[in-house]
Amino acid sequence: MSIAARLYEVRARIADAARLPGGADGVKLVAVSKRHPPEAIREAYAAGQRAFGENYVQELVAKAEALADLPDIVWHFVGHLQTNKAKAAAKVAHVVHTIDSAALAKELGRRAAARPAGAGGPVLVEVNVGGEPQKAGATPSEIDEVMAAIREQPSLVLRGLMTMPPAGDLDAARKVFETLALLRNLHGGASALPELSMGMSSDLEVALACGATMVRVGTAIFGPR
């Protein structure tokens, strides 16, 4: 199956899920192109996709350079971001989903301030809802601190929350997604945090039922890595 056909199927899944109770209108699809070549991104772009997600800064920078001729492509950074990679990420990423500490927010804000006027800015707080030790993310008790640090940075715009559930367990995923939606309500609601970035190839329907506004889909679009 072609990338265009897979993309069509994913969009259909999103549209169907958005019609169910709890589904959100205007759901944003981020095509996660990690470890797929620039040519695959070009295929998805030709099929109308504009938002692409990368997990590694070096790969993001390389692909942004290789695809610089695509003027309206939007790069989302969706992987763990170390403070020593913030400078490179700030130069390329239009949206960063994985701010998980006040220190990272301050460093990214400092680096983003050097970007051309109007470039970049939107960020999300990554929350480790499930408390999984192998995963990055702020704890629920740290959200206020991270949000405050983001708001102190003139070059950053706080847009919402992001999380990753345990793999392969839809019931556990639902609990994580429901908890993230609850945490948003506790920290200002949709007016303060309009975006909920949650849901991937295997669980996007569950995420949308829990109020996701942004889903990050890789395998269902690009196939196995």
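Me: Which residue forms a salt bridge with glutamate 195?
Reply: Happy to start there! This is a predicted model in which local features need pLDDT of at least 70, side-chain atom pairs count only at pLDDT 80 or more, and totals for chains, interfaces and linings use all residues. Residues are numbered from 1 along each chain as its sequence is written, and side-chain values use heavy atoms, with hydrogens and water left out. A salt bridge needs a side-chain nitrogen of Lys or Arg within 4 Å of a carboxyl oxygen of Asp or Glu, and here the closest N and O atoms are 3.6 Å apart, the partner being arginine 159.

Me: How many residues apart are glutamate 195 and arginine 159?
Reply: Strands are DSSP runs of E, at least two residues, numbered from the N terminus. Glutamate 195 sits in strand β7 (residues 195-197) and arginine 159 in strand β6 (residues 157-162). The pair therefore links distant parts of the chain, 36 residues apart.

Me: Is glutamate 195 buried or exposed?
Reply: Buried means under 20% relative accessible area, exposed over 50%, and partly exposed in between (1.4 Å probe, protein chains only). Glutamate 195 has 5% relative accessibility, so glutamate 195 counts as buried.

Me: Which residues are linked with Arg159 in a network of salt bridges?
Reply: Glutamate 195 is a salt-bridge partner of arginine 159. The network of salt bridges links Arg159 with Glu195 and Lys28.

Terms used: Helix = DSSP H or I, 4+ residues; strand = E, 2+ residues; numbered from the N terminus.
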